[in-house]
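Have the model open as you read.

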Amino acid sequence: MNDNFSNQNERDRLTPTDNEPKLIGYDYAGRSVFESDSRMTYDGYIICEGDERDFLLTMGGVAVD
């Protein structure tokens, strides 16, 4: 097998296992978002469930209670 790892220990250390959560990116506030997180996207931004209001306020929206 040809790869960029110098040895098996390095390959094992840097290869994620199935038990590790898979990072898919960062939300609008810079928090880590994992594959298993409930999320939506809008205009290229990742918004986690429950953060909709905060996202709108961050993007310049006005809160009306």
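A quick definition to start: strands here are DSSP runs (E, at least two residues), numbered from the N terminus, and two of them pair if DSSP finds at least two bridges between them. Keep in mind that this is a predicted model.

Strand S3 (residues 39–42) and strand S4 (residues 45–48) run antiparallel, joined by 4 bridges.

## The aromatic rings

How many aromatic pairs are there? The count comes to 3. Take Tyr-28 and Phe-55: their ring centres sit 5.3 Å apart with the planes at 75 degrees, so this pair is edge-to-face. It also links distant parts of the chain, with Tyr-28 in the loop between strand S1 (23–26) and strand S2 (32–34) and Phe-55 in helix H2 (residues 52–58), 27 residues apart.

Are Tyr-28 and Phe-55 buried or exposed? Both are buried. Zoom out a bit and ring pairs link Tyr-28, Tyr-42, Tyr-45 and Phe-55 into a cluster.

## Asp-51 in its loop

Now for the loop between S4 and H2, which is where you'll find Asp-51. Asp-51 has 15% relative accessibility, so it counts as buried, the cut-off being under 20%.

Leaving out residues up to four places away in sequence, Asp-51 touches Asp-27, Tyr-28 and Arg-31. Tyr-28 is also a member of the ring cluster.

How values were computed: Residues are numbered from 1 along each chain as its sequence is written. This is a predicted model: local features need pLDDT of at least 70, side-chain atom pairs count only at pLDDT 80 or more; totals for chains, interfaces and linings use all residues. Side-chain values use heavy atoms; hydrogens and water are left out. Rings of Phe, Tyr and Trp (its six-membered ring) pair if their centres lie within 6.5 Å; planes under 30 degrees apart count as stacked, over 60 as edge-to-face and the rest as tilted. Buried means under 20% relative accessible area, exposed over 50%, partly exposed in between (1.4 Å probe, protein chains only). Contact means heavy atoms within 4.5 Å.
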